[in-house]
Amino acid sequence: AFKSTPDAAVLPRTTEEVASVVRLCSEEKVPFVARGAGTGLSGGAIPSEGGVVLSLAGMNQFLELDLDNRVALCQTGIINLEVSRAVAEHGLYFAPDPSSQSACTLGGNIAENSGGPHCFKYGATTVHILGLTVVMPDGEIVNLGGPRYTVGYDLVGLFVGSEGTFGIATEALVRLMPMPETVKTFLAPFRSMEVACEAVSDIDVPTNQLKAIP
């Protein structure tokens, strides 16, 4: 529904290149916005005042894989589904699954805290992001979180879902989940919303304790 043309578009490939562009924009008072695939329905990647668009689509590298701790370090321009494909041979996958996961980028998922049906069971994107490399609005590069639990404020949780208002995430340490042994899909009619909700809650208890569905 909305369109806008930036004054310039930049295609960085590293965190340092993003930082240098942001630093220049900050010094010259030029507005800027980061963009991944632009699939977000909120329109958060639209340059509303001209300025500079930083397209992170080229920052799509899978940087590190730690199988022992089930984490991976990725640039945020990587496509959501590509993370799962890269670790599938090890029996792992990245749980957040927005409907656009074949096109949307990890950075967009982080900005919007987006996710699909898997998030009802495994939690939204914020649960699966353990650490971030972020370029702040003045061009400073900071690291939030990390592979080990630390005390203090949950700055990663604060950043995820902030829609780019705090900075630009360029690298992310993501949690990987083991693939389920099998997947089954059920379709069941219910006579009311209340009964349907009760049935969903009952699924968490052992099978032999499930109540009959009215």
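The legends below accompany several close-up views of a predicted model.

**Overview. The protein chain as a whole, with its helices and strands.** In this predicted model, the protein chain has six helices and 10 strands. Its C-alpha atoms fill a box of roughly 65 × 45 × 35 Å, taken along the principal axes, and buried residues make up 36% of the 214 residues in the chain. Among the contacts between residues at least 6 apart in sequence, 61% join residues that are at least 24 apart.

**View 1. The open sheet of five strands.** The strands of this sheet follow the order β4-β5-β9-β7-β8, and their pairing is antiparallel. The edges are formed by β4 (62-66) and β8 (141-145), each of which pairs on one side only. On average, and with direction ignored, neighbouring strands of the sheet are turned by 15 degrees against each other. As a general point for a reader new to such views, strands of a sheet pair through backbone hydrogen bonds, either parallel or antiparallel.

View 2. Strand β7 (residues 129-135) is mostly covered, since seven of its seven residues are buried. Towards β9 (residues 168-175), β7 runs antiparallel and is joined by six bridges; among the residues concerned, Ile129 has Val174 as its bridge partner, while Val135 is partnered by Ile168. Towards β8, β7 pairs in the antiparallel sense over five bridges, and here the bridge partner of Val134 is Val142. The strands β7 and β8 also form a hairpin with five residues between them, and in its turn Gly139 has a positive phi of about 95 degrees.

**View 3. Helix α2 lying across the sheet strands β4, β5 and β9.** Helix α2 (residues 80-87) lies across β4, β5 (71-75) and β9, and runs at about 45 degrees to β4. Within α2, the residues Asn80, Val83, Ser84 and Val87 are buried. Seen down the axis of α2, these buried residues fall within an arc of 90 degrees, so they line one face of the helix.

View 4. Of the 45 residues that line the pocket, the closest to its centre are Ala45, Gly107, Gly108, Ala111 and Glu112. The elements that give two or more residues to the lining are β2 (32-35), α3 and β9, and α3 gives the most, with six residues.

View 5. Lys29 is found in the loop between α1 (15-28) and β2, and its phi is near 60 degrees, a positive value in a residue other than glycine. With a relative accessibility of 72%, Lys29 counts as exposed, because the cut-off for an exposed residue is over 50%. Arg70 has its place in the loop between β4 and β5, and its phi, near 55 degrees, is likewise a positive value in a residue other than glycine. The relative accessible area of Arg70 is 40%, so this residue is partly exposed.

Terms used: Residues are numbered from 1 along each chain as its sequence is written. This is a predicted model: local features need pLDDT of at least 70, side-chain atom pairs count only at pLDDT 80 or more; totals for chains, interfaces and linings use all residues. Side-chain values use heavy atoms; hydrogens and water are left out. Two strands pair if DSSP finds at least two bridges between them. Helices (H or I, at least four residues) and strands (E, at least two) are DSSP runs, numbered from the N terminus. Axes are lines fitted to C-alpha atoms, for helices over the stretch in contact, and angles run from 0 to 180 degrees between N-to-C directions. Contact means heavy atoms within 4.5 Å. Buried means under 20% relative accessible area, exposed over 50%, partly exposed in between (1.4 Å probe, protein chains only). The arc is that of the directions from the helix axis to the C-beta atoms. On a 1 Å grid over the protein atoms alone, a cavity is a set of points where a 1.4 Å probe fits but cannot get out, and a pocket is an open set with protein on both sides within 12 Å along at least five of seven lines; lining residues have an atom within 4 Å of a point.
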